[in-house]
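This report walks through the fold, its packing and a few individual residues. Keep the sequence and the model open side by side.

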Amino acid sequence: FFWLFSFAATSILATICILLDFNLWPVAAFWLIMFSLLSFVSPLWLLGGLLFIRMSLDHLSQYSTVSLGEHLTVSLSQLLGIYLLIMGVMTCIRYRDQVTYFPLFSSFLLLIVYGIFSSTWSLFPLVSLQEIARLISLFSIAFLAYVSVKNFRDLRIVFLLLIISSFIPVLEAFRQWIFGIGISDSSLDVARIYGTFAHTNVLALYLYSLLVVLTLWHTLYERQMRISGRTVVFGLYGVLSALLLFVTYTRVAWIAAFLFFFVYSLSRSKILLIPLLLFPLIVFLTVPLVQERVVESFQTNPDSSLVWRADIWHDVTLKLTFDHRVLFGTGLDTFSRYAEDLRGIRFGSTDSHNDFVKFYVEGGLIGLTVFLLFLFSLARHIASLKTLPHAYQSTIFLFALFAATLVLSALTDNVYKDTPLLWIFFILLGAFLALKKQLALRKSE
């Protein structure tokens with residue numbers, strides 16, 4: 001509890017410092033000392049600390065700067081990114097004897113090696129190198145979860161850390177909703193909440209992943225018939241998260257959540273289908289904003305966000321052909337700048353909103369093939385979890401369903417660039433793979 005209290009207190013303190021424009025160096029120094037100690041004490045608690053940092057300061061860190069001398073100013077986001085990368089690499093070095101045995105090693109190695117090669121022909125080499133650093137961080141956080149889980153108790157703690165680290169983002173989103181704070185959207189008459197993240201869609205998919213984590217927890221640890229206080233608290237927290245997900249007005253997260261809980265209801269309790277089907281119908285008939293969001297999905301006018309997506313996919317892929325880059329593409333993480341050079345910013349965001357189109361443009365046919373191989377390798381590792389004990393099979397099925405909804409979401413959103421969402425996914429995958437390894441070791445003994 002001391003460490004959990006320290007994580008929460010320092011995250012809140014840092015947020016207050018940023019909001020009131022206080023000096024952040026005392027907080028940063030405390031974190032540096034604490035996490036440096038944690039890296040030697042327990043990888044599990046280090047994982048929890050990094051989760052608190054990543055989820056609490058995603059948005060604020062982008063707009064806070066630190067002066068290093070008279071002529072150099074860097075954003076807190078850049079400093080946090082560097083620190084997270086260093087801590088991740090230090091973890092890999094400390095447990096270097098296990099790195100090559102980590103099941104996801106070859107999957108990430110494929111993506112990272114491809115990224116290194118793509119930077120040699122990238123239109124924006126520095127951007128591609130920054131993306132490689134992000135991939136290394138993702139691998140490091142998955143590996144940290146892998147070396148942290150030694151038994152069933154450790155897996156339970158990982159779930160608790162994922163849930164507790166969401167308190168600040170959820171409470172901040174709730175505050176924004178209550179006071180009408182948010183991001184302006186030309187297609188809506190209300191400000192869209194964003195929590196502690198850079199965009200509403202990131203918050204929405206994060207809330208969806210939180211609902212999945214709570215569901216996995218309930219499936220795995222709350223199977224008994226009696227209702228405990230923890231069950232009630234987590235249940236109410238899930239209701240709050242679902243409410244906030246609803247008021248983000250993010251269709252991709254709505255659809256992902258509906259598909260997940262529809263299949264969950266079919267497999268676990270068909271009685272849940274009644275509220276699951278009635279609630280969206282009632283909301284659609286009574287809430288004008290929801291009607292607008294749903295009806296817009298089927299419109300073909302120029303103001304439709306789906307038409308806008310199709311237009312940018314068409315324009316950028318056509319330019320790729322004209323530039324004779326169909327085979328190798330433009331370089332890792334260059335889609336947005338490539339599209340901006342073509343279309344400018346007058347049409348809105350230049351992000352791809354489709355990870356498959358993104359990899360085709362950035363890597364050509366080779367890059368798209370690498371991405372598909374990466375997804376296939378992840379699917380193979382998830383399928384390998386079926387060897388876990390029978391008590392875990394329902395949980396693994398739901399986790400696989402979660403992965404499938406993310407792939408579907410990648411057709412209309414930037415899932416690959418959604419770092420908070422990917423942290424949760426890879427932490428869960430790394431933890432499950434670690435448990436599988438530990439059980440196999442016990443059997444062999």
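Which residues in H7 meet which residues in H19? On the H7 side they are Arg134, Leu138, Ile141, Ala142, Ala145 and Tyr146. On the H19 side they are Thr419, Leu422, Trp423, Phe426, Ile427, Gly430, Ala431, Leu433, Ala434 and Lys437. Sorted by class, this contact has twelve nonpolar, two polar and two charged residues. H7 covers residues 125-148 and H19 covers residues 419-444. Their axes come within 7 Å and cross at roughly 35°. The crossing of H7 past H19 is right-handed.

**Overall fold**

The model is predicted. Its chain has 19 helices and two strands. Of the 445 residues in the chain, 53% are buried. Take the contacts in the chain with a separation of 6 or more: residues 24 or more positions apart account for 74% of them.

**Cores**

The largest nonpolar core has 113 residues. Leu155, Phe159, Phe425, Phe426 and Leu429 touch the most other members. Helix H10 gives the most to this core, with 16 residues. A second, separate core has nine residues, including Phe335, Tyr338, Val357 and Val361. Phe426 also belongs to the H19 side of the contact with H7.

**Two enclosed helices**

H3 spans residues 43-56. How are H3 and H10 placed, enclosed or open? In H3, 13 of the 14 residues are buried, so this helix is largely enclosed by the rest of the structure. In H10, 21 of the 22 residues are buried, so H10 too is largely enclosed. Each has a span close to the expected value at 1.5 Å a residue.

| Helix | Residues in helix | Span, first to last C-alpha | Expected span |
|---|---|---|---|
| H3 | 14 residues | 20 Å | 20 Å |
| H10 | 22 residues | 31 Å | 32 Å |

Phe139 sits in H7. At 8% relative accessibility, Phe139 counts as buried, because the cut-off is under 20%. Leaving out neighbours within four places in sequence, Phe139 is in contact with Cys92, Val99, Phe102, Leu104, Phe105 and Phe108. Gly88 lies 51 residues away from Phe139 in sequence, yet their C-alpha atoms are 8.2 Å apart.

Phe258 sits in helix H12, residues 251-268. Is Phe258 buried or partly exposed? Its relative accessible area is 31%, so Phe258 is partly exposed: the class runs between 20% and 50%. Phe258 is in contact with Leu276, Leu277 and Pro280, setting aside neighbours within four places in sequence.

Trp313 belongs to helix H15, residues 305-322. Apart from neighbours within four places in sequence, Trp313 is in contact with Ser352, His353, Asn354, Val357 and Leu411. Val357 is also one of the residues in the second core. Trp313 and Ala339 are 26 residues apart in sequence and 9.2 Å apart, C-alpha to C-alpha.

Most residues other than glycine have a negative phi. Which loop holds Tyr249? The loop between H11 (229-246) and H12 does. Tyr249 has a positive phi of about 55°, although it is not a glycine. Tyr249 counts as buried, at 10% relative accessibility.

His353 is a further case, with a positive phi near 55°. His353 lies in the loop between H16 (335-343) and H17 (355-383). What is the relative accessible area of His353? The value is 9%, and His353 is buried. His353 is also one of the residues in contact with Trp313 of H15.

Terms used:
Residues numbered from 1 in each chain as written. Predicted model: local features only at pLDDT ≥ 70, side-chain atom pairs only at ≥ 80, totals over all residues. Heavy atoms only, no water. Core = buried A, V, L, I, M, F, W, Y, C linked by side-chain atoms within 4.5 Å. Buried < 20%, exposed > 50% of the residue type's maximum accessible area, 1.4 Å probe, protein only. Helix = DSSP H or I, 4+ residues; strand = E, 2+ residues; numbered from the N terminus. Axes fitted to C-alpha atoms, helices over the stretch in contact; angles between N-to-C directions. Left-handed = near helix turned anticlockwise from the far one by under 90°. Contact = heavy atoms within 4.5 Å. Nonpolar A, V, L, I, M, F, W, Y, C, P; charged D, E, K, R; others polar. Expected span 1.5 Å × (residues − 1).
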